Amino acid sequence: MNILITGTNSGIGNALTREHLEKGARVYGISRRFNTNLRKYADYHHLSHDLSDHTTLGEKLKPLLDGETVLDQVILNAGMLPEINDIRDTSMEEIHRVMNVNVWVNKVLLDALFRMVPEIHQVVAMSSGASRSGSRGWNVYAISKAALNMLIMLYSREIPETHFSAIAPGVVDTGMQDYIFTLPDDGRFRVVSRLKEMKMNRKMKDPREAAVHLIGAMGYVLQRESGSYIDIREL
C-alpha cells in the first residue's frame, strides 16, 4: 500500500505511520519536524514542512511523491488545538491560525494531490467529537473540525471515484491531553475536568492503541457512504 499521512512527528500520526510501515506499506509523511523513530524504515519518505504555510506546499510535494501514480490512502491527521477558552474571548488572529492548519491546508493538499496522482482510493480526515458536541471551551477547534467534516463531504460529491470520510478517533492520550491536564479547574469548561479525570484514571487510548483501532476500522469505513462523518467509538 502507498499511504500519505500528515502530522507524522507525534501522536496518532506517528503511531499510524509506524503501524503501516510495520505492515509493509510505503508511507509518505508530512510534518514540520522529523521524528527519529522513523529513521529505521526504508519505506518512509518525509517532507519537513510547516503546514501553516500553504504557498509552497504544492511544489514541495512533487519531489516527495516522485511520480507516484497511486495512493491507497491519504490520512489528513495534522491539526492544532488553541487555548481552551470562550469563542468571544478568542481573537480573530487565533481563529485564522487554527482554521488555516485544521481546514484550509487540507484543501490545498488535496487539490495538489489530485492534480499529481492519477489514482487516490481513499481520503480520511481526522475529525473530533468536538465538531458535533458544541462543548464550551472548544471554540475555534470545534468550528474548524465541523468545517473539515463539510469540506470532506463536498469533495466526496465532486470526486466520486475516491472514498472520503471524516473520522473522530475518540479520546487519545496525546500532547493535546498533556496540555489540557495542566489547565486549572474552571467551572465554565466541564470538558476539561472530564478529560483530566479520564487521563488520571487511564481511560484514554494511547496513540498506538488508537492507530491499531483506526487501521482495523478502515474496511468498515469504506462500506459507509462517501463523505460521512464517523465516530470510531460507535463502530
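User: Which way does H1 cross H8, left-handed or right-handed?
Analyst: H1 passes H8 in a right-handed crossing. A crossing counts as right-handed if the near helix is turned clockwise from the far one by less than a right angle, and left-handed if anticlockwise. Helices here are DSSP runs (H or I, at least four residues) and strands are E runs of at least two, numbered from the N terminus.

User: Before we go on, what kind of model is this?
Analyst: This is a predicted model: local features need pLDDT of at least 70, side-chain atom pairs count only at pLDDT 80 or more, and totals for chains, interfaces and linings use all residues. Residues are numbered from 1 along each chain as its sequence is written, and side-chain values use heavy atoms, with hydrogens and water left out.

User: Back to H1 and H8. What's the angle?
Analyst: About 60°, with the axes of H1 and H8 8 Å apart. That makes H1 oblique to H8. Axes are lines fitted to C-alpha atoms, for helices over the stretch in contact, and angles run from 0 to 180 degrees between N-to-C directions. Under 35 degrees is roughly parallel, over 145 roughly antiparallel, 65 to 115 roughly perpendicular, and the rest oblique.

User: Which residues of H1 and H8 make the contact?
Analyst: On H1, Gly11, Ile12, Ala15, Leu16, Glu19 and His20. On H8, Pro207, Arg208, Ala211, Val212, Leu214 and Ile215. Contact means heavy atoms within 4.5 Å. By class, the H1 contact with H8 has 8 nonpolar, 2 polar and 2 charged residues. Ala, Val, Leu, Ile, Met, Phe, Trp, Tyr, Cys and Pro count as nonpolar, Asp, Glu, Lys and Arg as charged, and the others, Gly among them, as polar.

User: Now H3 and H5. How do they pack?
Analyst: H3 (residues 92-116) and H5 (residues 139-158) pack at about 15°, axes 9 Å apart. They are therefore roughly parallel to each other. The contact includes Ile95, Val98 and Met99 of H3 and Leu148, Leu151 and Tyr155 of H5. It has 12 nonpolar, 3 polar and 3 charged residues.

User: And where do H2 and H3 stand?
Analyst: Their axes come within 10 Å and cross at roughly 50°. H2 and H3 are therefore oblique to each other. Their crossing is right-handed.

User: Switching topic. What volume does the largest pocket have?
Analyst: About 1,300 Å³. A pocket is an open set of points on a 1 Å grid over the protein atoms alone, where a 1.4 Å probe fits, with protein on both sides within 12 Å along at least five of seven lines; lining residues have an atom within 4 Å of a point. Points are joined across faces, edges and corners, and the volume is the space filled by probe spheres set on them.

User: What lines the largest pocket?
Analyst: 46 residues, of which Asn77, Gly79, Met80, Leu81 and Met176 lie nearest its centre. H6 gives the most to the lining, with 4 residues. By class, the lining has 18 nonpolar, 20 polar and 8 charged residues.
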